[in-house]
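Colleague: I have not worked with this structure before. Could you take me through it, please?

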Amino acid sequence: PLSDVRDRVAADWTAERQADAAKRAAGRLADSVRGGANIFAAASEAGTTVVNTAPFTRRGDGVDLPRPLIEALFAARPGDVVTAEAADGSAYLARLGRVVPPNPHSADGAPQRAALGDALAGQIGEDLMVQFLNGLQASYGVRINRRALNEAL
């Protein structure tokens, strides 16, 4: 009955309207900044603040930003202005200041190097196993009876 869901429907409708308004406001602010407006002045006029972040990785290590914004920034070039929406309905505007190339020899890169090494070792191992099995099947003329296999499983 409507009486059971009225409050939830009203809350969902309100949240959707607020998210739409935030998206439109971020779009207007982005257009203003792309047109040459100072991002600090434009944000102040819009009643919001600007936050400078430290450099962060593609996975978002080092910042608390929504995933869609991080993805938009990694697709941008320095100076580009991007917008993104978070899952909670909030909207973000960002201008990419600079790209810092990773230093593979830094101490900060050790966990990433280890993770990459593990991933590559696993993929190489899987590739070798597939090649080995294909070679065995070709050498010994293996045939798979799919019907019998399906019945057994």
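Predicted model: local features only at pLDDT ≥ 70, side-chain atom pairs only at ≥ 80, totals over all residues.

Colleague: Which residue does Arg59 form a salt bridge with?

Modeller: The partner of Arg59 is Asp61, and their closest N and O atoms are 2.8 Å apart. Asp61 is partly exposed, with a relative accessible area of 32%.

Colleague: How many salt bridges does a search of the whole structure find?

Modeller: The search finds 8 salt bridges. One of them joins Asp31 to Arg34, with 3.4 Å between the closest N and O atoms.

Colleague: How are Asp31 and Arg34 placed in helix 1?

Modeller: They are 3 residues apart in helix 1, which spans residues 2-34, so about one helical turn separates them. Asp31 counts as exposed at 51% relative accessibility, while Arg34 counts as partly exposed at 48%.

Colleague: Which residues are linked in a network of salt bridges?

Modeller: Glu16, Arg17 and Asp20 are linked in such a network. Within it, Glu16 forms a salt bridge with Arg17, and the closest N and O atoms lie 3.5 Å apart. Glu16 is partly exposed at 44% relative accessibility, and Arg17 is partly exposed as well, at 35%.

Colleague: Changing topic: which residues make up the largest nonpolar core?

Modeller: That core has 11 residues, including Phe56, Val63, Leu69, Val82 and Leu96. Helix 3 and strand 1 (81-85) each supply at least two of its residues. Helix 3 gives the most, with 4 residues.

Colleague: And what does Val82 touch?

Modeller: Leaving aside residues up to four places away in sequence, Val82 touches Arg34, Leu69, Ala72, Leu73, Ala76, Tyr92, Leu93 and Ala94.

Colleague: How many aromatic pairs does the structure hold?

Modeller: The structure holds 1 aromatic pair. Phe56 and Phe74 form it, in an edge-to-face arrangement with 6.1 Å from centre to centre and 70° between the planes.

Colleague: Why does the pair count as edge-to-face?

Modeller: The planes are 70° apart, and an angle over 60 degrees counts as edge-to-face, so the pair is classed that way.

Colleague: Where do the two residues sit in the chain?

Modeller: Phe56 is in the loop between helix 2 (39-46) and helix 3 (67-74), and Phe74 is in helix 3. The two are 18 residues apart, and their pair links distant parts of the chain. Phe74 itself is partly exposed, with a relative accessible area of 32%.

How values were computed. Residues numbered from 1 in each chain as written. Heavy atoms only, no water. Phe/Tyr/Trp six-rings, centres within 6.5 Å; stacked < 30°, edge-to-face > 60°. Buried < 20%, exposed > 50% of the residue type's maximum accessible area, 1.4 Å probe, protein only. Core = buried A, V, L, I, M, F, W, Y, C linked by side-chain atoms within 4.5 Å. Contact = heavy atoms within 4.5 Å. Salt bridge = Lys/Arg side-chain N within 4 Å of Asp/Glu carboxyl O.
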